[in-house]
There are 2 protein chains.
Amino acid sequence: MADKYEQVLELAKRRGFIWNSFELYGGTAGFYDYGPLGAMLKRRVENIWRDIFVINEGYYEIESPTIGIEDVFIASGHVGGFSDPLTECQKCKEAFRADHLVQDVAENPDTLSADELTEIIGKNNIKCPECGGRLGKVYEFNLMFKTSIGPGGKRAGYLRPETAQGMFVDFPRLLKFYRDHLPFGATQIGKAYRNEISPRQGVIRLREFTQAEAEIFIDPRDKTHPKIKEVENIELNLYSQEGQSTGEMQKMSLGDAVKNGIIAHEFLAYCLAMTSRFLIRVGVSPEKLRFRQHMKDEMAHYAADCWDAEILSDRFGWVEVVGIADRTDYDLKAHAKQSEKELSVYVSYDVPKKIERFIVKPDMGILGPKFKGKAGKIANALKALKAGELSGDVIELEIDGEQIKIEKDAVKFESITEEVHGENIIPHVIEPSFGIDRIMYSLLEHSYFEEEAGKEDVIEEEKGEGTEAEEVEEKRIVLRLPPEVAPVQAAVLPLLSREELIKPGNEIVAKLRKAGILVAFDDSGTIGRRYRRNDEIGTPYSITVDYQTLEDSTVTIRDRDTMKQVRAGMSDIADSIYDLVYGGKSFEDAGKRI
Amino acid sequence: MADKYEQVLELAKRRGFIWNSFELYGGTAGFYDYGPLGAMLKRRVENIWRDIFVINEGYYEIESPTIGIEDVFIASGHVGGFSDPLTECQKCKEAFRADHLVQDVAENPDTLSADELTEIIGKNNIKCPECGGRLGKVYEFNLMFKTSIGPGGKRAGYLRPETAQGMFVDFPRLLKFYRDHLPFGATQIGKAYRNEISPRQGVIRLREFTQAEAEIFIDPRDKTHPKIKEVENIELNLYSQEGQSTGEMQKMSLGDAVKNGIIAHEFLAYCLAMTSRFLIRVGVSPEKLRFRQHMKDEMAHYAADCWDAEILSDRFGWVEVVGIADRTDYDLKAHAKQSEKELSVYVSYDVPKKIERFIVKPDMGILGPKFKGKAGKIANALKALKAGELSGDVIELEIDGEQIKIEKDAVKFESITEEVHGENIIPHVIEPSFGIDRIMYSLLEHSYFEEEAGKEDVIEEEKGEGTEAEEVEEKRIVLRLPPEVAPVQAAVLPLLSREELIKPGNEIVAKLRKAGILVAFDDSGTIGRRYRRNDEIGTPYSITVDYQTLEDSTVTIRDRDTMKQVRAGMSDIADSIYDLVYGGKSFEDAGKRI
């Protein structure tokens with residue numbers, strides 16, 4: 001029997017959500033297209049992300065190029081370290097990830113060096129999984145797609161492996177935009193690339209994918225969050241470092257998790273809350289969502305704490321879809337070093353700080369006559385001295401290799417108190433990073449249901465000829481997508497394909513379109529079959545035009561999930577559907593139950 | 001004095017619309033970032049495009065990868081022909097477009113071959129514009145960014161030079177999605193790339209840019225448009241082939257243009273109307289917009305007709321921003337050939353056609369006994385004959401090099417009438433292709449005004465301490481963006497930065513955000529300066545909270561363009577702003593004029 005992944009992909013291909021890219025030419029691993037329904041679904045998912053991060057948190061979106069220059073990825077470490085260990089079959093020339101091949105004979109294979117992997121392959125006599133041939137020496141293969149900017153190959157370009165670097169490189173501009181105040185954040189939704197050696201996990205491992213990332217720059221001395229109160233009672237499935245050592249997940253409120261030191265600080269906890277809210281709102285099942293903390297040895301050396309949102313899938317188990325990390329000042333420091341520019345924020349103190357400072361004042365009236373031309377050099381040397389070095393009666397200096405003695409009375413010194421109003425600090429970065437394609441697959445899988453629908457009540461035609469006895473299939477596939485992400489938001493179905501019913505149908509279509517509702521008109525096949533077609537693509541509401549419509553200007557609205565129907569007026573149908581989709585209107589309030 | 005381009009770019013960089021990419025590392029020609037305001041503006045522009053093409057025309061969007069495989073671009077002609085002629089300075093190694101260098105000494109330099117250009121450069125003694133060095137032999141430089149998919153360089157990949165090919169490659173899937181009915185269309189908004197030799201026109205010539213393209217597949221025998229009536233009275237500035245020969249633009253209705261044979265057909269005319277509607281809606285000035293027809297020698301050989309939407313800019317003159325072409329069956333045929341698959345649509349006739357067909361029936365009862373083993377071959381040869389070849393008494397055939405004579409009575413033949421219900425046709429493609437970045441620049445330029453604002457009425461503070469006498473600058477920069485594209489849709493400004501005014505201000509912010517309105521809160525500086533700041537970024541409405549707000553829960557709303565103010569209730573402020581931005585509500589109706 002087909003597993004859930006196959007079932008979902010079959011539907012996705014057949015109905016136009018997702019399919020292999022370049023099918024016409026046989027396809028290429030790691031590339032998928034979003035078809036008409038998939039692209040619309042993706043757009044809606046991305047817009048919900050924007051609603052949360054951009055509109056409501058105020059982290060403006062930017063758009064930087066997908067091609068980056070070499071400096072950027074030298075700074076980020078991708079030129080040096082973004083690679084997978086590769087071994088090639090000497091016979092069939094197929095390439096493999098060496099760490100995957102030794103999975104059964106080595107522990108933590110992803111921590112091994114190329115030489116170690118070569119040795120393990122040799123010792124264990126591991127052969128090419130395709131043809132049994134001998135495997136070559138393992139080497140590190142850089143996963144960035146490389147290209148060349150302009151003619152002559154003089155300037156290397158790389159397809160970005162993440163959108164994040166765009167925000168780091170723009171830090172000076174962003175700081176100015178936010179008028180030098182911390183915290184501030186910038187976001188980006190866009191393509192990122194990873195030239196996988198040999199991707200074999202379908203839509204889960206893509207060579208070109210979409211990321212939605214926020215880089216939030218905060219004051220390292222204050223990792224509280226002003227809105228923590230709003231989320232501290234939210235309970236999440238946490239799989240902490242400790243939990244992982246005992247294999248136990250824990251349902252815990254964010255407030256407690258911070259209090260107990262499980263989540264490092266409020267700001268990170270708040271990001272977990274936003275992430276959970278987003279994922280559930282787009283259609284991920286809450287019980288199939290958990291937050292797993294990175295183990296100490298798995299976390300980047302610079303990170304203060306890191307949590308992955310993981311989603312349970314039928315075939316792949318728990319799949320990482322979001323990473324939420326406190327990256328400290330690592331990225332800004334790296335770019336400051338590479339660009340030789342200062343990347344910091346001047347932060348004013350609430351109250352100016354008083355700082356004691358020791359100053360030395362050489363008496364030029366004494367030094368001048370005594371040392372003539374050397375007096376200036378001596379004065380500077382004296383000014384550089386610290387309090388302790390001025391304690392004796394005679395001060396010894398070395399000027400141009402010459403030992404010089406200065407009497408104490410030629411130098412005055414004192415301690416003064418200065419007011420300091422602020423300092424330059426390097427912000428820390430909190431980064432929630434979303435893999436949109438995996439989220440897309442997850443929500444399709446979680447929305448996918450095959451069920452016995454039973455014989456559905458099909459509207460009785462009250463006038464004359466009557467519909468032919470319908471063969472409504474009693475089994476249905478239904479995508480229980482949240483209405484606000486469903487690609488097609490309403491279907492308009494004239495009961496029969498006749499001019500007198502098509503006309504009011506088209507009027508409804510025009511009204512809905514004007515309100516920005518994506519509507520499908522369908523007058524082919526029996527009404528039952530049309531309901532099924534729309535169930536399959538997740539259309540939440542089907543509007544049927546029948547002969548009663550011609551009498552009293554009402555239509556039926558059918559709810560996808562319950563298959564219940566209400567009778568509602570045609571005049572405010574656009575508002576009604578709009579409120580059902582976006583306004584949280586309940587279906588019962590949309591019309592008279594029939 | 002700075003020209004308009006400089007003024008617009010200065011504002012764009014300073015306020016966060018557009019800036020050079022990789023500034024931290026000195027920048028790279030041909031790459032620009034959209035900053036926080038620019039990216040939001042771009043998003044809104046793209047969403048209006050979607051509203052028109054996807055929601056209202058029903059041309060679903062798809063999303064295919066930005067990396068394409070070689071087959072695709074061999075079929076499209078980009079591997080062979082997407083190039084510019086390049087010459088390199090032998091001294092300083094700088095690269096130039098050879099056709100640009102000979103501009104003053106040759107006519108139509110873009111039609112010349114590399115050899116011809118080399119000759120002209122030599123004859124005219126043209127030197128390197130940078131250093132005066134000798135220029136090298138001209139060669140064709142392919143403008144696609146090239147990369148390699150997977151390890152070993154075995155599989156070439158190209159960054160797509162246009163989004164269009166994604167739709168062509170997906171034709172079989174799309175046809176199925178639209179249930180085999182013409183016309184249908186698919187759209188895509190996404191990145192496209194062009195590895196310019198040496199881009200020197202700022203935001204006008206980018207190496208990475210955003211396209212919005214529709215590929216509409218229509219029946220080649222019927223290029224009418226069902227909604228032509230809705231647009232036939234729209235008058236556009238047309239600059240036809242004929243007009244260009246006399247240098248005259250013509251304001252003409254689309255109906256007349258089709259009737260007079262200026263625009264090839266209704267479908268193209270309808271696309272011109274949609275284009276015009278889109279451009280004006282996002283903020284292009286109608287009087288700075290024209291549609292220029294491609295001249296015969298400039299049009300692709302396969303195109304039936306082609307029009308560019310051009311926008312007048314201060315520095316660059318008329319700039320092409322949209323191309324609208326009838327590409328006939330060129331693209332589908334090219335991919336059918338390369339992929340060796342049939343790309344066509346079976347079209348049923350309304351009424352089955354009767355077709356006369358001539359059939360030959362060899363009489364095996366005669367042929368069998370006479371020719372034995374050869375009888376089968378002879379029968380097949382007879383069946384392949386045409387009516388004229390069967391007219392004599394004896395039929396001569398050559399079978400396996402042997403001349404054979406057949407008596408007439410061994411062959412019966414007749415003409416039969418068959419019913420044919422339809423045929424396979426290759427659709428024609430209508431392609432409106434939008435350059436989003438150029439449109440972005442154009443609408444910024446067209447919206448940009450420096451004006452004497454005069455002393456603006458600043459709200460009098462009625463209670464107590466009073467604001468300090470303000471120094472309101474009397475000159476203002478204002479971006480007159482249409483409210484529905486303005487990045488920040490409303491600013492909330494407490495008259496003074498005091499807790500009692502900040503609190504209701506924050507309440508309004510929360511309400512607006514919940515309604516999906518992008519709102520900026522600003523309490524720093526005088527109210528007049530804050531108005532100016534918001535004028536500059538095009539915020540259409542500023543909401544001021546003052547001491548009267550505390551008494552009667554009203555606020556002032558200020559209109560960016562007229563600087564007029566109304567007093568409105570706080571309770572329905574979200575609906576009010578929403579309707580002003582999206583619902584076409586007039587400012588006068590938003591409150592009581594003050």
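Across the interface of chain B and chain A, 43 residue pairs are in polar contact, both residues at pLDDT 80 or more. A polar contact is a pair of N or O atoms within 3.5 Å; within protein, one must be able to donate a hydrogen and the other to accept it, and residues adjacent in sequence count only if both atoms are side-chain atoms.

This is a predicted model: local features need pLDDT of at least 70, side-chain atom pairs count only at pLDDT 80 or more, and totals for chains, interfaces and linings use all residues. Residues are numbered from 1 along each chain as its sequence is written, chains are lettered from A and ligands numbered from 1 in the order in which they are written, and side-chain values use heavy atoms, leaving out hydrogens and water.

**Stop 1: the interface.** Select both chains. Here 87 residues of chain B are in contact (heavy atoms within 4.5 Å) with 87 residues of chain A. Now pick B:L24, B:Y25 and B:E63. In chain B, these lose the most area to chain A, together 13% of what that side buries.

**Stop 2: a salt bridge.** Select A:R173 and B:E23. They form a salt bridge, with the closest N and O atoms 2.7 Å apart. The term means a side-chain nitrogen of Lys or Arg within 4 Å of a carboxyl oxygen of Asp or Glu. Between chain B and chain A the count is 14 salt bridges.

**Stop 3: the axis.** A rotation of 180° with 0.1 Å of shift along its axis superposes chain B on chain A, with RMSD 0.6 Å. The two copies are thus related as by a two-fold rotation axis. Select B:T147. Of the residues of chain B, its C-alpha comes closest to the rotation axis, at 2.8 Å.

**Stop 4: A:F278.** Leave aside its neighbours within four places in sequence. A:F278 is then in contact with A:V45, A:I48, A:W49, A:I52, A:F434 and A:I439.

Key
Copies are superposed by least squares on the C-alpha atoms of residues with pLDDT of at least 70 in both. Buried area is the accessible area (1.4 Å probe) that two parts lose on being put together, summed over both.
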